[in-house]
Amino acid sequence: MTASRRASLRRNRLYLAGLSPAAFLLALFFVGPALWALISSFTNRALVGIDAANPRFVGLDNYTRLFADPDFGRVILNSVIFVIGSAIIGQFVLGLALALLLDHAERRGFLATNLVYASVLLAWVNPTIIAGFLWVAMFDFYNGSLNVGLSHVGLGPVDWFGSGPMLAVIIANIWRGTAFTMLIFLGALRTIPSDIYEAARVDGANAFRRFWDHTLPLLRPIAALTLLSVTMATFGTFILIQALTNGGPALQTEVIALYAYHQAFQAHAVGYGSTIAVVMLALNLGFAIVFLRWSRARA
Amino acid sequence: MDEVVRQIMTRRRFLQVAVASTVVVACSPSATGSSAPTQAGSSPAGGSGGAPASGSAISGTVNVTYPDEAGFKPKYVEQAAAALKSQYSGVDVKIDLQKIGDDDFYTKLLLRLDSGDVPDVIHVGGSLIGELSDAGYIEPLDTYLAAWEDWKQYPKAVQDGVSYNGKTWAIPYGLDMRWLYYRKDDLQKAGLAADWQPANVQGILDAAAAVKSKDSGVLPYALYAGPAGSSGTADHAFVPLLWAFGGELQDQSGKWIGDSPATKKVMAYYAKAYGDGLSPKEIITATKPWTAMREKLGNGGLALLFEGGWVYGGWAAKDKAATEQNVGYLLHPTESGGPSFTIGGPGTCWYITAKSKNKQAAWEFIKAVNSAEIVGKLNAEDPHPVARADAAEVPEFKSSKYLVDSTKALEKAKFTIPSPEYQKVIQAIQTATARVASGEIGADEAAKRYTDDLKQAVGADKVTTL
């Protein structure tokens with residue numbers, strides 16, 4: 001028993017050596033801070049004021065306050081709308097559609113394929129903050145490209161962030177994030193051998209049937225992982241919305257990550273901000289479990 | 001339990017960085033980097049620390065950090081540093097000028113103060129004295145002031161404005177006051193007199209409606225609301241309106257007043273300003289909306305704006321003659337037409353940090369940067385009433401009618417409360433005004449929700465309604 005364990009340890013030594021830097025970094029930059037946030041969420045720690053000088057444990061006070069916070073429901077609802085709009089409908093469905101189109105074009109050898117591919121990718125390789133400023137430059141009321149363009153055709157300026165703030169941030173995030181799902185799906189589509197489709201075509205299956213019976217089932221495991229990844233990334237979106245609306249107007253685009261930031265670093269209530277971060281972490285963990293179960297069940 | 005807290009405290013340096021990254025990490029699995037503050041050079045302090053050591057040689061490095069987006073201060077800060085260095089050969093001054101907004105600077109500074117890697121001299125708003133002092137971040141200046149002859153030049157009201165819990169914590173250079181600015185040309189086009197004067201607070205909305213009815217593309221009125229308006233939402237909009245309608249922020253016992261008849265009237269005023277399109281919605285959606293609003297009032301694109309007295313300097317610097325001809329300034333009217341007023345404040349002040357290792361040299365720097373000459377010239381350039389009386393005799397200051405008017409207006413000033421909770425109350429005000437300005441809820445409902453916002457901010461036991 002011990003001998004075999006030792007043998008397995010020896011066998012796995014290389015893996016352990018390879019994994020430990022990653023494990024160490026993860027512990028340093030994720031597990032450590034996460035634990036600290038958990039501890040901090042039970043205190044009234046603040047950046048300034050009397051609570052900064054004398055932080056003390058307050059038990060579950062922050063949690064009871066959070067669940068009684070009338071704004072928190074709004075923030076959760078915003079996050080759900082944002083995730084459904086930009087991650088599930090936008091990035092996931094649009095990314096799949098784009099991948100199918102590009103794959104089709106590639107198989108047919110269309111010339112413009114690479115051009116389209118590159119332009120979608122360009123949105124993705126931009127740092128998020130630059131993508132944010134790009135869209136600010138687009139949507140800005142006074143000097144934004146959209147309103148300047150409208151004024152040239154004699155149409156009045158539209159207050160994009162005022163009349164449809166959530167839609168504006170969703171569009172910006174779809175633009176930014178679609179390339180990721182497209183890339184993954186495109187990779188997966190390329191692994192599907194062409195003869196499957198040829199056989200189906202010989203059997204008289206139309207395009208929809210070929211997609212439904214062959215493409216979709218083959219994509220399912222990768223789809224689950226992609227959905228998990230975009231959902232979690234979107235749920236935690238922070239920089240893009242901060243650059244565009246900073247959660248406004250009146251909490252209309254305040255998502256959970258921004259709310260945690262605003263409580264910790266604008267209201268300077270670090271304990272309360274940590275509480276929100278912990279709740280967010282728990283929700284993300286929940287997503288991960290659900291999606292991973294789903295992907296395993298189908299695989 | 002206390003033991004655990006103590007352990008947390010000893011690990012502050014690490015944890016401070018950790019909390020910054022936690023929120024970021026928790027926010028986004030794909031996020032990289034942390035928002036830890038930039039750590040400027042730590043202070044290798046020598047020289048005499050602690051109590052004032054008159055007569056003994058002063059030496060060591062003074063680390064000064066201050067924000068300035070407008071660019072008026074650097075040459076005076078450099079001048080003070082040079083004066084100090086030539087006076088004491090052993091003293092060096094390291095200046096960390098941050099060209100960012102006050103809010104961002106403050107957050108960065110707090111993280112730095114919390115970490116223990118502290119500068120010696122900091123420069124932030126005097127309204128923050130309460131919370132900074134409660135946190136133990138700043139040093140009382142009373143022992144230094146006792147030996148400083150010039151302190152007598154500061155009027156009692158100014159000295160009181162930088163006092164908290166019986167101690168003096170900061171040195172102000174220029175005081176805050178605000179004006180109701182109006183464009184004479186825009187109002188005339190709307191059929192109003194060039195020397196327009198509102199009979200009461202409703203008169204502002206009436207003038208704005210007159211401008212709007214001309215449909216000339218001129219924005220009628222900028223009433224700050226929401227978090228985007230920063231502290232202007234409170235100091236340049238909600239608070240003066242509350243006072244104009246006979247309300248107060250706090251009652252006699254120090255409880256913050258939520259819903260009240262005056263609060264309802266303020267919210268109704270907001271509902272009218274935004275509901276009738278007198279104030280543009282972009283104020284609550286744009287970032288730093290004051291930049292656009294100030295610019296527009298300066299060039300005639302906006303007719304009415306209640307703003308800081310210092311804003312006038314930007315317009316005058318661009319075109320002095322046109323500004324004097326077209327921009328009028330008035331005190332804030334009240335509901336009944338009773339005595340008009342302005343909002344006063346201690347302005348941005350100089351502080352010594354509690355953890356400074358070189359307090360005596362830090363104090364010498366603060367003295368140098370607050371000389372009558374520098375205070376007079378700086379305030380003439382970046383127009384504020386001077387904090388020390390003798391600075392008003394500096395020719396550059398004395399020769400400006402605008403500055404003389406501003407200084408005189410301070411006699412009609414009401415001051416905001418130097419409470420450590422005020423910053424939290426400002427956030428409640430931002431949330432509450434955003435709701436009504438965005439049209440999400442009506443005025444009465446908004447006043448009720450303001451009570452909830454206050455309770456969230458300062459605790460239910462410190463809030464009352466009238």
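Helices here are DSSP runs of type H or I, at least four residues long, numbered from the N terminus. I start there because one residue I want to show you is placed by reference to such a run. Just after helix α13 of chain B, B:Gly300 takes a positive phi of about 90°. Keep in mind throughout that this is a predicted model.

Let me stay with that helix for a moment. α13(B) covers residues 289–299. Which of its residues are buried? They are B:Pro289, B:Trp290, B:Ala292, B:Met293, B:Arg294, B:Leu297 and B:Gly298. Note that an arginine, B:Arg294, is on that list. What do these buried residues pack against? The partners include three strands, β7 (178–183), β8 (219–222) and β10 (302–308) of chain B. The helices α10 (232–244), α12 (282–285) and α14 (311–318) of chain B also take part.

Next, a sheet in chain B. It is an open sheet of 5 strands, in the order β2-β1-β3-β13-β6, and the pairing is mixed. At the edges are β2 (91–98) and β6 (171–172) of chain B, each of which pairs on one side only. As a reminder, strands of a sheet pair through backbone hydrogen bonds, either parallel or antiparallel.

Take β3(B), residues 121–125. Is this strand mostly covered or mostly open? Mostly covered: 4 of its 5 residues are buried.

B:Pro172 stands opposite B:Cys349 of β13(B). As for helices on this sheet, α3 of chain B, residues 74–87, packs on it and touches β1(B) and β2(B). The direction of α3(B) makes about 170° with that of β2(B). Another helix, α16(B), residues 359–369, lies across β1, β2, β3, β6 and β13 of chain B. α16(B) runs at about 155° to β13(B).

Now chain A. How many helices and strands does chain A have? There are 15 helices and 0 strands. The C-alpha atoms of chain A fill a box of roughly 85 × 75 × 30 Å along the principal axes. The chain has 299 residues, and 38% of them count as buried. Of the contacts in chain A between residues at least 6 apart in sequence, 69% join residues at least 24 apart.

On confidence, the average pLDDT of chain A is 87, with 98% of the residues at 70 or above. Within chain A, confidence is lowest in helix α1, residues 2–11, with a mean of 76. It is highest in helix α14 of chain A, residues 256–266, at 92.

Last, the contact between the chains. Chain A gives 48 residues to it and chain B gives 42. On the side of chain A, the elements that give two or more residues are α2 (13–40), α3 (50–53), α9 (160–163), α12 (207–235), α14 and α15 (270–298). The largest share, 8 residues, comes from α2(A). By type, that side of chain A divides into 33 nonpolar, 12 polar and 3 charged residues.

Conventions: Residues numbered from 1 in each chain as written. Chains lettered and ligands numbered in written order. Predicted model: local features only at pLDDT ≥ 70, side-chain atom pairs only at ≥ 80, totals over all residues. Buried ≥ 20, exposed ≤ 12 C-beta atoms within 10 Å, placed from the backbone. Contact = placed C-beta atoms within 7 Å. pLDDT = per-residue confidence, 0-100. Nonpolar A, V, L, I, M, F, W, Y, C, P; charged D, E, K, R; others polar. Pairing = 2+ DSSP bridges. Axes fitted to C-alpha atoms, helices over the stretch in contact; angles between N-to-C directions.
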